[in-house]
Amino acid sequence: MRKMNVNRAAKSHDFILPAPINGLNVRDSLDAMEPLYAITMDNYIPMDSKVQLRPGYTEYCNLEITSIIALANYKKPSHNCFLAVGGGKVYNISNREDIVELGNMSANATQCQTVQYKDRLFFVNGSDTPKVFYVDANNEEQFGDWGFAGTGLTDAKVINAAVSKEFLWFVEKGTLKAWYSATAGNISGTLNSFDLSQVSKYGGQLIAVADWTVDGGQGIDDLTVFITSEGEIFVYSGSNPNSASSWELKGSYKMSKPIGYNCIVPYQGDIVIISEDGYIPLSRALALGASGQSNYAFSDNIRGLVLDRTSTNKTHPGWQGIIYTKRGYGIFNVPVSNQFEQHVINVNTGAWCRFTGIAARCWCEFENGMFFASAGRVMQFDNGQQSDGGMPIEGHIEQAYNNLGTDTLKRIPLINPKTKCTSNYNLIIYTNMDYENQNVNYYTSITSTGISKWNVAKWNEAKWAASKANITRSQWIENSATGYKASIVFKTKTTGNLIEWYNTGIRYEVGSGIM
């Protein structure tokens, strides 16, 4: 008797895919990207073992002016002040219920740089005589013109400022000149000129001065760094620029061009430079004694995104970097046409993401909180409110493509995201297969028991049911996808909710008859 052929059902397999904790990747091709990266990661922050929805913000104060161009933190024992510059004025906004107008600065200025040395906070913008703010011995706030003068220096051309080797340094706009206090420790008096045109090979103008702490193999060394518009970097050692025996050019180097006068981000003694090629730490960029090794950016994973933004927006105001020490984020503010976005790195893991929906012109830390200016308002970021001024935070992640352990054709009927949430929220989750780019605007409604249907109800008509705060949800959801490689797409739109995503269970079938 002839044996009958039996059509056996496809065998199912379970696969646990961790959330993309390696963060955003805009460097590798889709077929070469490792599975713990994300093709898109907007408003979710990669952590050690999960990804977490970013914090929101609320309004701190409204100055009712067109634009705030700078925020500054003045620190003195028992007397911290929060200051804002905009609309041709400088304001003390430490007490948002009692905002004090301190004085005038040019209403036409599009930027303002600040530096504090001892108990003096200096304001420079390349248009006005530099200003200084301080709290005197009688606890009275003082604001007025600075007390420096230099032979041949036009005060209003001072565009940047820094402190290095106990000297105040000032940058003269449109030149390669830096000006420094004649005596270390001075907060007023005579300024001496330091002209870098004598050693420059590429010309341009001086953009910034910074103090750089490095370990040269024989102990810690503090160096003074000068950065030009052409990406030429001069590194000087020594403690006194007035003494030839105590001031030496250590080396000159060439790297990509810096962007704006706020191109310096100090971090733990190192310097990160915002440049046309990315966000580049000097400790990685420059090998002392060997030039030409300057294009190593720790933003390498998002290189494609940074290059796109710098190529079209590098002349726009708003570029800035700041370390948010409380959370361990590095936030790089990026103007995009008439909008803003933030490129954010977890400084502990090196993983990147992008913030959207935050129209920040500039950022500042004040009393362990993080603030930003948006038009004429100051907003407080991460103050416990999980919304953007009452509006939902929209999160969007597309995880790297994954063959789920086998190169064979497979069908994915079920997926199971493991998340933790503080209250109800709407979730969209599905799989893109084999580099497709479908955009699904349907949510998954999860109940306490049973299987949820995919693609059966519109977003915002029902909610993920969570009966108590910080509840962990793990439930199988119907999916409909066939292919060789899968990308998990995870979208949320929520107000007042902290969402954490840990991993996704994937059930798939292989074998004949799955098409």
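Modeller: The side chains of E394 and K493 meet in a salt bridge, with 3.9 Å from N to O (a side-chain nitrogen of Lys or Arg within 4 Å of a carboxyl oxygen of Asp or Glu). This pair links distant parts of the chain, since E394 lies in strand β34 (residues 393–399) and K493 lies in strand β39 (residues 486–494), 99 residues apart. Strands here are DSSP runs of E with at least two residues, numbered from the N terminus. E394 is partly exposed, with a relative accessible area of 46%, and K493 is also partly exposed, at 28% (buried means under 20% relative accessible area, exposed over 50%, and partly exposed in between, with a 1.4 Å probe and protein chains only).

Please keep in mind that this is a predicted model, in which local features need pLDDT of at least 70 and side-chain atom pairs count only at pLDDT 80 or more, while totals for chains, interfaces and linings use all residues. Residues are numbered from 1 along each chain as its sequence is written, and side-chain values use heavy atoms, with hydrogens and water left out.

R411 forms a salt bridge with E509, where the closest N and O atoms are 2.7 Å apart.

A search of the whole structure finds 20 salt bridges, and one of them brings together the side chains of K50 and E500, at 2.9 Å from N to O. This pair again links distant parts of the chain, as K50 sits in the loop between β4 (44–46) and β5 (51–53) while E500 belongs to strand β40 (residues 499–510), 450 residues apart. K50 has 19% relative accessibility, so it counts as buried, and E500, at 9% relative accessibility, is therefore counted as buried as well.

Four strands form an open sheet in the order β7-β8-β9-β10, with antiparallel pairing (two strands pair if DSSP finds at least two bridges between them). Because β7 (68–74) and β10 (100–104) stand at the edges, each with a single partner strand, one side of each is left without a neighbour in the sheet. Looking inside this sheet, strand β9 (residues 89–92) pairs with β10 in the antiparallel sense over four bridges, and V90 has G103 of β10 as its bridge partner.

Another open sheet, of three strands, has the order β24-β25-β26, and its pairing is antiparallel. Its edge strands are β24 (264–267) and β26 (278–281), each of which pairs on one side only. Between β24 and strand β25 (residues 270–275), which run antiparallel, there are four bridges, and within β25 the bridge partner of P266 is I271.
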